[in-house]
Amino acid sequence: MNQDLALLQKHGLRFSEKLGQNFLIDPAVCPRMAALCGATKTCGVLEVGPGAGVLTRELAHVAGKVVAIELDTRLRPVLREALAAHKNTEVLFGDVLQIDLAALLQTHFAGMPVHVCANLPYYITSPVLMRLLESRLPFVNITVMVQKEAAARLCAPMGTRACGAVTAAVAYYAAAQPLFQVSRDAFLPSPNVDSTVIQLTLRPAPPVAPPSEASFFRLIRAAFGQRRKTLPNALAAGLSAEKSQVVAALNCAGIPLAARAETLTLEDFARIAACWPGPL
Ligand code: SAM
C-alpha cells in the first residue's frame, strides 16, 4: 500500500464523496503538476484541497513556500504527519470559497510571485476558478486538475461549439490550455470520470473593455442560458428584454440575427454590450 493511503488508514479516515475526496495514488502525476506549474524557490504556491498532502510535498520541493487551504479538519493529523519534514509548507483549515485571499497573500507570501496549483474538488470547479480570477490577485498562473469535460469547456476557443458562459468568463481573465490527461485509475476512490490538468495564464489586462463588466457577463450568461436558440430569442428571454431592442443592439454590433452564442467572440459580446440601449 502506498504511504499516503497507509497514513489515511492509520488515522481512520473515510473518504468524503461530498467533499470531492478522490485522492491521487499514481506517483507520476504530482511531480509532473509541480514541475509544470513553473514555481521556483523564489515563488510561493497556493494549493486548494491538499487531502493527504501528496501534491503539497511535490510543490514544497520546487517552490519557496506552499500554503494549502483544506476544508476537512479530519485531515489535520494526517497532514501534520505527511508534511512534518517539509518546513516550507503550511495548511490553513477553511473554505476556499470563503477565505480572504487578498489577506492570505499579504500575510503568507508578501513580495513573492504566487502560483496556484491544485487537484480541485470537482463539485466546486467553476466557483473556485471564478473566485481566483475575479479576485484580480496577481497569480502568475493557475495549474489545476479538473474533470475532463470541464477542461474541454474551460479551454475551448471562443466561437466554437465546446464553449459556454464559463469559457467566456475565463477567457476574459486568462489564456487557458490543457496540459495532460489523467485516467480515473490514478485516484482512490476511482471517480467515474477522467481528468485533465489545465493551466490558466493570467492576462495583464482583459482583451476587451466592455462598458460594465457586470452587464457584459449578464449578457453572456443570458446568451448561453438558451444556447440552442438564436441570439434574438435567447437574449430577449434571458434578459426579459423586448425583441426589437435586442435586434437593434445586434444590428448595431454587426451580428447576424441567426447567430447563436457559441459562434460569438469576446469582442462580439463587448460590441453588443456597448450597443445595448440603456441598462442591461
Ligand atoms: N490534493 C489531494 C490529492 O491530489 O490527492 C486531494 C484532492 S481531492 C480531489 C480535493 C480536496 O479538496 C479534498 O481534500 C477535500 O477535502 C478538499 N476540499 C473540498 N472542498 C473544499 C473547500 N471548499 N475548500 C478547501 N478544500 C476543499
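Guide: Helices here are DSSP runs of H or I with at least four residues, strands are E runs of at least two, and both are numbered from the N terminus. The model is predicted, so local features need pLDDT of at least 70 and side-chain atom pairs count only at pLDDT 80 or more, while totals for chains, interfaces and linings use all residues. Residues are numbered from 1 along each chain as its sequence is written, and side-chain values use heavy atoms, with hydrogens and water left out.

Visitor: Where is Ser-240, and what makes it stand out?
Guide: Ser-240 sits in the loop between α10 (231–238) and α11 (243–253). Its phi is positive, about 50°, although Ser-240 is not a glycine. Most residues other than glycine have a negative phi.

Visitor: Is Ser-240 called buried or exposed, and why?
Guide: Exposed means over 50% relative accessible area, buried under 20%, and partly exposed in between (1.4 Å probe, protein chains only). Ser-240 has 71%, so it is exposed.

Visitor: Which label does Arg-136 get, and why?
Guide: The relative accessible area of Arg-136 is 45%, so it is partly exposed. Arg-136 also has a positive phi, about 55°, and is not a glycine. It lies in the loop between α6 (125–134) and β6 (139–147).

Visitor: Why is His-115 called buried?
Guide: His-115 has a relative accessible area of 4%, so it is buried. Its place is strand β5 (residues 114–119).

Visitor: How do you know that His-115 makes polar contacts, and with which partners?
Guide: A polar contact is a pair of N or O atoms within 3.5 Å; within protein, one must be able to donate a hydrogen and the other to accept it, and residues adjacent in sequence count only if both atoms are side-chain atoms. The His-115 side chain reaches the backbone oxygen of Cys-37 at 2.9 Å. The side chains of His-115 and Asn-141 are joined at 3.0 Å.

Visitor: What surrounds Leu-55, and why is it called buried?
Guide: Leu-55 has a relative accessible area of 3%, so it is buried. It belongs to helix α3 (residues 54–62). Contact means heavy atoms within 4.5 Å. Leaving out residues up to four places away in sequence, Leu-55 touches Cys-30, Met-33, Glu-47, Cys-117, Ala-118 and Asn-119.

Visitor: What makes a set of residues a nonpolar core, and which members touch the most others in the largest one?
Guide: A nonpolar core is a set of buried Ala, Val, Leu, Ile, Met, Phe, Trp, Tyr and Cys residues joined through side-chain atoms within 4.5 Å. The largest has 70 residues, and Leu-46, Phe-216, Leu-235, Phe-269 and Trp-276 touch the most other members. Helix α9 (residues 213–225) gives the largest share, seven residues.

Visitor: Which residues does Phe-216 touch?
Guide: Beyond four places in sequence, its contacts are Tyr-172, Val-208, Pro-210, Leu-266, Phe-269, Ala-270 and Ala-273. Pro-210 is in the loop between β9 and α9. It has a relative accessible area of 12%, so it is buried.

Visitor: How do you know which residues surround the ligand, and how many are there?
Guide: A residue counts as near if one of its heavy atoms lies within 4 Å of the molecule. The ligand has 24 such residues around it, and the closest are Leu-24, Gly-49, Glu-70, Asn-119 and Tyr-123.

Visitor: What polar atoms face the ligand?
Guide: A backbone N or O atom of Leu-24 lies 2.8 Å from a ligand oxygen. For Pro-50, a backbone N or O atom is 3.3 Å from a ligand nitrogen. A polar side-chain atom of Asp-95 is 2.9 Å from a ligand nitrogen. Alone, the ligand exposes 600 Å², and the protein buries 99% of that; these areas come from the Shrake-Rupley method with a 1.4 Å probe.
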